[in-house]
Structures are given as structure tokens and as C-alpha cells.
Amino acid sequence: MNTVPTFTCDYQVGGSLPLDAPTYVVRQADSDFYHALKAGEFCYVLNSRQMGKSSLRVQTMQKLQAEGIVCAAIDLTSIGSQDITPNQWYAGITYTLASSLNILENVDIGSWWCDREFLSPVQRFSEFIREVLLTSISQTAVIFVDEIDSVLSLNFKVDDFFAFIRSCYNRRADCPEYRRLTFALIGVASPPDLIGDKNRSTPFNIGRAIHLEGFQLHECLPLVRGLAPKASNPKAAMKEILAWTGGKPFLTQKLCKLVMALPFSIPAGSEAEWVEKLVRARIIENWEAQDEPEHLKTIRDRLLRGTRKSRLLALIHEILRAGEIPADDSPEQIELRLSGLAVKQNGKLKVYNRIYQAIFNLRWVAKELGNLRGDPGEQEGAIKPNTSPGEGWSAGHKKDKPAHPIVGVLSPSKDSGKSDTSDEKQMVYDHLIYCLQNESPQQLIERFRKLFIDGTGYPDAEIAVALNRIVAANCSDQEFQYMLNRCCHILINRWQMHSQQRAAIAGLLALFKTLAPTGEKLASYYKPVPRLQELVCLFTKSEEYLTLQRLVQVVEPEPPAVVHNPELGRLIVRYPYLYSHSLLSQESSYEHQQTIRHLQTQKQWEFEMNLSQYVAYLVRRAQLAKNSSPAGSAASRIVQPVPNPTLLSDRELYLALKQFVGKVEGACTYRDLAQGFLTRTSQSKSYRSFKADLYEYLISAIESEYGKRTFNERLYKQLKNTFPQSDSQKLTDFLIMRTCSQLFNFLVVESPQNPNHYVFIDLISNMGPARTTGLLLKIVLLSRHVRPYLEKRFSILFSHYERQAIDEILWFVQSLENLNVALVVNFGSVDLSAIKQNVP
């Protein structure tokens with residue numbers, strides 16, 4: 001049982017976290033920085049971007065100020081670094097410092113500065129510290145200088161500035177007032193980079209370096225708590241997030257935010273699978289387009305700037321091949337760490353995390369090294385990675401297609417065991433994306449047929465060879481299904497965006513019907529072809545392929561009534577609440593998820609509008625029917641008929657609306673009852689007492705005779721056995737959510753692996769679809785987080801009966817229709833006041 005409490009959490013991606021941010025993670029550096037500055041030590045925090053340096057400064061300043069220590073912050077980027085003179089730069093620092101310490105009222109900084117123009121800028125700054133700052137402030141003062149790396153862009157040296165800081169510490173022996181002054185430098189640079197004259201005294205050899213490490217799991221409780229609404233085991237989910245990010249603050253916050261945007265909760269035990277799919281779909285795939293706010297591009301640009309880029313690329317290649325190398329603090333290794341790509345741990349240098357490994361991989365290195373061969377500034381003396389004869393760069397770029405995204409790749413090492421075909425898969429993906437931009441749907445379908453169905457005659461030899469390598473590498477059936485499904489969606493996601501191209505989706509899926517049966521011998525002179533066709537045949541039996549077939553029914557539904565007693569699967573278009581579960585798979589890309597959400601919103605809005613119009617039509621018709629005069633009869637004939645948007649009869653629809661928006665207990669609707677119940681139980685002393693109250697709340701919706709037989713007793717036992725280890729705990733939103741989820745397992749169906757739904761059938765047989773749906777609605781109204789759980793249960797039943805004729809399962813069709821109406825009238829966005837006004 002997960003006992004992590006839930007709370008409102010807004011993960012922030014990029015920028016300094018606010019002082020009261022609930023997602024701030026306290027690390028060892030927080031304690032080191034605070035205690036060192038409090039003790040008067042000069043400190044410097046020099047690390048890569050987006051490691052939480054500025055947030056650390058904000059938090060540390062607040063803690064020091066609470067101790068009575070005066071703090072000032074200077075952001076050097078606000079002073080500028082282009083077309084600025086030394087006089088302006090030091091004057092800007094002085095003015096910012098005076099403003100931050102609220103001493104501008106005591107001295108006219110402009111006049112004070114000009115009166116001392118006979119002094120050098122650094123002398124004037126030194127005099128300001130001695131004459132003004134230390135005399136105006138009696139407390140200890142800490143000056144934080146942020147973005148110190150901006151001095152590297154100045155057209156003059158600032159060695160004097162660092163020498164001045166060193167002199168402040170040297171003066172402590174003779175001038176006690178300097179003991180009250182402490183400096184902290186923060187930025188993305190190394191001490192050797194900042195000091196131009198290596199013979200000058202610097203503060204860095206007397207100061208303390210504050211090391212910012214990545215988040216550790218035991219430090220991440222603020223982040224873990226926020227995941228509770230979207231993960232059954234939030235701690236396990238956080239562990240998998242850190243496994244991908246290495247604890248990088250920016251990426252960790254971003255991945256947490258992506259988890260919170262999921263339309264469902266991650267089931268316990270599947271955290272690794274879902275986090276990996278999310279990382280690949282929302283961060284790794286098409287990473288340059290998805291890198292908002294910029295993070296990965298910042299790393300890339302730092303690696304490829306300046307005169308060291310060939311050496312840096314060779315170093316990255318060496319690390320990728322070896323996994324890690326000895327750390328020697330060479331200029332290249334320090335630069336690689338400052339870029340954020342690499343980290344030094346236990347005397348070794350390695351790539352910081354799995355996300356960087358997937359993006360800045362050997363293929364990326366090959367591409368960038370290939371680009372350098374055309375850079376005159378890099379050709380001479382460029383370092384090439386050590387490669388064996390079988391591992392040279394492939395001639396991937398075609399001269400007649402300079403914009404083609406396919407690039408050369410490193411062949412897998414022959415002695416590395418199982419071949420890694422991730423580069424070949426990426427080549428296929430990039431190739432399809434390129435073709436998508438330049439060819440018609442019919443041309444693309446023909447390409448797809450030759451590549452995957454026939455396995456021969458593909459016009460691009462590189463891509464055919466890449467696919468053959470994937471097949472020959474003995475990849476698992478599941479791996480190939482993931483790849484093929486993604487290839488389908490690369491095309492489908494684009495075609496869905498254009499109404500005139502949507503018909504091509506059905507054409508693409510029709511290719512799979514031309515395959516030979518699985519057991520039939522597939523003759524070919526080329527060995528990989530039979531294995532390819534075997535893998536494709538297995539794909540047509542997968543859940544991913546079934547999901548694609550459902551999508552066709554939604555995007556391009558077949559004309560109604562052409563097939564007598566059709567299968568349930570043809571009705572998927574009618575139930576938008578099933579789309580998130582029935583049209584999306586675990587491998588669905590972010591683009592596909594967005595497309596499905598758009599379809600879902602569109603179809604739901606259409607149903608809401610049609611239902612509202614139909615009810616208004618029924619009301620007008622009923623009102624006119626009351627008038628028995630000939631004029632009334634004539635008037636009734638001019639009421640324009642409106643089609644019933646449901647599969648329910650008018651009587652069934654009326655009863656459903658009465659159940660879901662009308663008064664069901666005295667003067668109360670289901671929504672009124674839910675609000676009243678939540679108000680009463682908010683003061684529950686324990687989870688046990690809440691479950692007792694919940695039992696009474698639910699059985700009031702059960703028909704008395706039916707409940708007395710066996711149902712009430714079974715419901716009581718179900719609640720009693722729900723999280724009994726939490727009975728003595730205080731009630732939380734998370735417990736309410738999990739309890740409702742368990743109730744749906746009991747009342748509807750538990751899982752695809754355990755699809756028994758006898759209780760649900762029994763409820764419908766005894767109370768009917770409308771009353772049964774009303775019972776489920778009472779539960780949904782208790783928490784805004786539980787609706788996806790109910791929708792998931794119905795999607796499981798939909799899959800269970802998908803191939804069954806409608807006439808054989810009318811009870812389930814009516815249940816689907818009732819739930820559609822119940823969700824629309826209680827959670828829809830269209831004004832349905834006309835319905836509520838005309839339903840008693």
C-alpha cells in the first residue's frame with residue numbers, strides 16, 4: 001500500500017524556483033553552501049546549466065537572511081557584456097549592489113563614482129566596499145555574484161575583479177570589518193577559464209567549491225508526493241524517472257510534469273515501462289522540436305562551439321564506446337562536464353544519464369565529425385576517434401538529397417554480443433519522416449508495401465540494408481512490433497491532420513491483409529525476407545494492430561446499416577470516453593496522443609451538441625402535443641425532426657436523463673448527494689469510518705430487494721478488505737481515489753488478464769443499465785481523478801466483446817450508451833441547461 005500523501009504540485013521546468021516552491025529538492029549542497037557562507041568562507045558554485053544553481057542561491061539567501069545576515073545578489077547578465085567599457089561594468093556592479101542593499105538613499109552613487117574618476121574602476125569599486133558598504137551595514141553581508149561566466153564575453157580582462165575578492169579575504173587580518181564580508185560566485189565556468197593571467201593571485205585557491213550533485217531518491221520526497229495522483233506507486237515512478245535523468249534537476253522536473261499530464265494513472269509494477277515510453281515519446285523522439293524550454297540544444301551548441309569541438313567529439317566517442325574513462329581534469333574533460341553531458345564520479349568520467357546517451361549517441365558523433373570534415377577551421381589537427389576497419393563511418397549523406405536526414409552510423413562491434421540496432425531503427429524513422437514531407441499518401445503506401453510487406457525491391461538501398469540488419473539481429477517480436485507500430489504512426493499522425501488524406505490510413509492497414517498466412521512457406525532467395533514477413537504477420541495479431549484498426553473506425557467510419565448485426569468494434573466512434581484507452585497503446589508517440597485527444601474533444605463536443613438539440617426537439621414536440629386543436633396539429637407538423645444521437649429509444653433516453661441529472665433521492669441529484677457526502681466525511685476520524693460511511697452512501701442507490709439478497713453483503717466485505725492496513729490512518733484524497741478505483745474493479749471488471757465481470761452483469765440484470773450507471777456515477781463524482789479508472793474498465797469490456805455481434809450483447813451496448821450520456825451531462829462543456837430544466 002502506498003502511503004505517500006498527495007498534494008497540489010506544480011513542477012517547474014527551467015528558471016529559478018520560487019522561494020516557497022513545493023518541488024524544491026534539498027541536497028547536500030544546500031547544507032554545505034549555507035554553513036560555509038555563514039562561517040564567512042568564500043564559495044563558488046561552478047557547474048553546468050540547469051543544475052539548480054540559481055534556485056540554490058535563492059534558498060540559501062532566505063536561510064541566511066533569517067539568521068540576520070544581509071544578502072545582495074548581482075546578476076552579471078543584467079549589466080551586459082557587449083560594447084561595454086570597464087568603467088561601465090564596474091559602475092554597474094556598484095549600482096546594482098547599492099540598490100540590492102537599499103543604501104541608494106544614503107549616497108548618490110552617480111556623483112560618488114564620478115568624483116573618483118582619477119581612480120581605476122576596480123579601485124573605485126574597492127573604495128565603495130570600504131567607505132560605503134561596510135560603514136552603512138553593521139551586520140555580516142554576503143554578496144552573491146550570479147552568471148559569473150558572462151565575464152568570458154567581455155572584451156577586456158577582469159582578473160582585477162577576482163584579485164579584489166582575494167584581497168578582501170587577505171585584509172581580514174588587519175581590518176576586522178572585512179570579516180563581515182563574504183562573496184559567492186555562481187555560474188558555468190571553470191576557475192582557469194575565469195582567470196586570464198595564471199600568475200595572478202585568485203580567490204579560488206582559498207575558497208570552497210560547492211559541488212552540485214544530481215537528485216538522489218532519498219532527497220526527492222517533494223517530487224514523489226506530487227506524483228501520487230498519476231502513479232499508484234509514486235516512489236517507484238520517481239525511481240524510474242531518476243534512472244533516466246540521473247537526477248538532473250531540469251530533466252527530472254520536466255519528466256515529473258510529463259507524468260502529471262498523462263490521461264491515466266501509472267499502474268503499480270509497470271513504472272519502468274511507462275516512464276521509458278514517456279521519455280522516448282516526449283523527450284528523445286524528434287528531440288530538437290520538443291526541446292522546450294531549451295536544454296538539449298544548449299548542450300549541443302556548447303559542444304559544437306569554439307576550437308575544441310573536434311577534441312570534445314572524440315572524447316564523447318571514447319566515453320560512449322568504453323562506458324566510462326579515467327577522469328584527469330583536462331581542459332576538454334572540464335568543458336565536457338560544464339556542457340552538462342558528462343559527470344565525474346568516483347574518479348571516472350561518464351555520460352550523465354540515459355537520455356543524453358540516447359540523443360548524443362555514436363550516430364550523432366559520426367554525423368558531427370562528418371560535418372567537421374567540411375569545416376576548414378577544424379580539418380587541420382582534428383582528432384579522429386579510434387575505429388577498427390569494420391567500424392568506419394558509413395557514407396550516409398546523398399549528394400543529390402542534401403536535406404535527407406539519414407546519416408552515417410557506426411557498425412556495431414562484432415565482439416559486443418547481441419547487436420544494438422537502435423541506430424538502424426532511427427534511420428528508418430528519419431527516412432519515413434523525410435519521405436512524408438515530399439511524397440503523396442499513395443506513394444508512401446507503395447513504399448511501405450515494398451519495405452515491410454514484400455521485403456524486396458525497395459528503391460533506397462541504405463534503408464533496405466538497415467531493415468535487414470534489424471531483422472537479422474534476432475530482435476524480439478515485441479521490439480519489432482514497437483518499431484513497426486511507430487513506423488505506421490509516423491505516417492498516420494500526419495495524415496490524420498488533413499481530412500483529404502485520412503482515407504489513406506485505411507489503405508495503409510489494408511496492406512497487412514495481403515500477407516500470406518503465418519504457417520505458409522515464404523520462399524525467397526534472400527534469407528531475412530521470410531523472417532521479416534513472419535514478424536509482420538505476428539504484428540497483425542498484436543494489440544497495437546488492433547488499436548490501429550479501431551482508429552480507422554474513428555477517423556473514417558464505414559457507412560451505417562450496410563452490414564446486418566455488425567460487430568461491437570464498429571461502434572467505437574460513438575464513445576469518445578474510450579479513445580484514450582482503446583486508441584492509444586503503450587508505445588503511442590506524443591504526437592499521436594495529441595491527435596487522439598483532439599479527436600476525443602471533437603467527437604464529444606459533437607455528441608453534446610446533438611444531445612442538447614435532440615432533447616430540445618423532444619421538449620418542443622411534447623409541448624405542442626398538449627395542444628389538441630387543429631392549429632396545434634399543424635404546428636407539430638412544422639417542427640423539424642432531429643435524429644436521436646444515441647442508440648437508446650426515446651423512453652430509455654428519458655429515463656437515463658432523469659437518472660443522471662434529475663432528483664434521485666428527495667430533492668437531491670447525484671451531484672448534490674456526492675457533495676453532501678464529501679462534506680460530511682471530510683471530518684472522518686479515520687479511513688475505517690470513511691469506508692463505513694461510503695457503504696451507506698452506495699447502498700442507497702441499490703434497489704432494496706436486490707441489495708438484501710447478496711449484493712449489500714458482498715459490497716460490505718469488499719470495502720472492509722480494501723486497504724485494511726490503512727484503517728487507522730487519516731483520510732486523504734489519495735485514499736479516496738484508490739478506494740474508488742478498487743470499487744470499479746469490483747463492480748465492473750478488474751483487468752484484461754482477469755476479465756470476469758459477473759457482478760456487473762448481475763447489477764444490470766437486476767437494476768437495468770440506467771440504475772447501474774447511476775451507481776457508478778455516484779463514485780465518479782467523489783473525486784475528479786477517478787473518471788479515467790472507470791473509462792478504463794469499460795474499455796476492457798469493450799475489447800472483451802469487440803468481435804461479438806451487437807444483437808448478442810445489447811445489454812452492454814445500452815450500458816455504453818448510458819455511460820456516454822451520464823458523462824456528458826455531468827462533465828461536458830456544452831450548456832445543457834435545457835436538459836436539466838425539463839427533467840424532473
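Mentor: The model is a predicted one, in which local features need pLDDT of at least 70 and side-chain atom pairs count only at pLDDT 80 or more, while totals for chains, interfaces and linings use all residues. Residues are numbered from 1 along each chain as its sequence is written, and side-chain values use heavy atoms, with hydrogens and water left out. Helices (H or I, at least four residues) and strands (E, at least two) are DSSP runs numbered from the N terminus.

The axes of helix 9 (residues 234-245) and helix 11 (residues 271-284) come within 9 Å and cross at roughly 45 degrees; axes are lines fitted to C-alpha atoms, for helices over the stretch in contact, and angles run from 0 to 180 degrees between N-to-C directions. The two helices are therefore oblique to each other, since angles under 35 degrees count as roughly parallel, over 145 as roughly antiparallel, 65 to 115 as roughly perpendicular and the rest as oblique. On the helix 9 side the contact (heavy atoms within 4.5 Å) involves A236, A237, E240, I241 and W244, which meet E271, A272, V275, E276, V279, R280 and I284 of helix 11. By class, this contact has eight nonpolar, no polar and four charged residues, where Ala, Val, Leu, Ile, Met, Phe, Trp, Tyr, Cys and Pro count as nonpolar, Asp, Glu, Lys and Arg as charged, and the others, Gly among them, as polar.

Helix 33 (residues 733-747) and helix 34 (residues 758-780) give another example, packing at an angle of about 165 degrees with their axes 11 Å apart. They are therefore roughly antiparallel to each other, and helix 33 passes helix 34 in a left-handed crossing. Helix 33 contributes C740, L743, F744, F746 and L747 to the contact, and helix 34 contributes V759, F760, L763, L775, L776, I779 and V780. These residues divide into twelve nonpolar, no polar and no charged.

Five strands form an open sheet in the order 2-3-4-1-5 with parallel pairing, two strands being paired if DSSP finds at least two bridges between them. Strand 2 (70-75) and strand 5 (208-209) stand at the edges, each with a single partner strand, so one side of each is left without a neighbour in the sheet. Within this sheet, strand 1 (residues 43-46) and strand 4 (residues 181-187) pair in the parallel sense over four bridges, and V45 has I186 of strand 4 as its bridge partner. Helix 1 packs on the sheet, touching strand 1, strand 3, strand 4 and strand 5, in a direction that makes about 150 degrees with that of strand 4. Helix 3 (residues 86-100), for its part, lies across strand 2 and strand 3 and runs at about 145 degrees to strand 2.

A second open sheet has three strands in the order 6-8-7, with antiparallel pairing. Strand 6 (325-326) and strand 7 (342-345) stand at its edges, each with a single partner strand, so one side of each is left without a neighbour in the sheet. Strand 7 is joined by four bridges to strand 8 (residues 348-351), to which it runs antiparallel, and Q345 stands opposite K348 in strand 8. The hairpin of these two strands has two residues between them, and there N346 takes a positive phi near 55 degrees. Helix 15 (residues 331-339) lies across strand 6, strand 7 and strand 8, running at about 110 degrees to strand 7. I334 lies in helix 15 and, not counting residues up to four places away in sequence, touches S190 and D329.

Methods. A crossing is left-handed if the near helix is turned anticlockwise from the far one by less than a right angle, and right-handed if clockwise.
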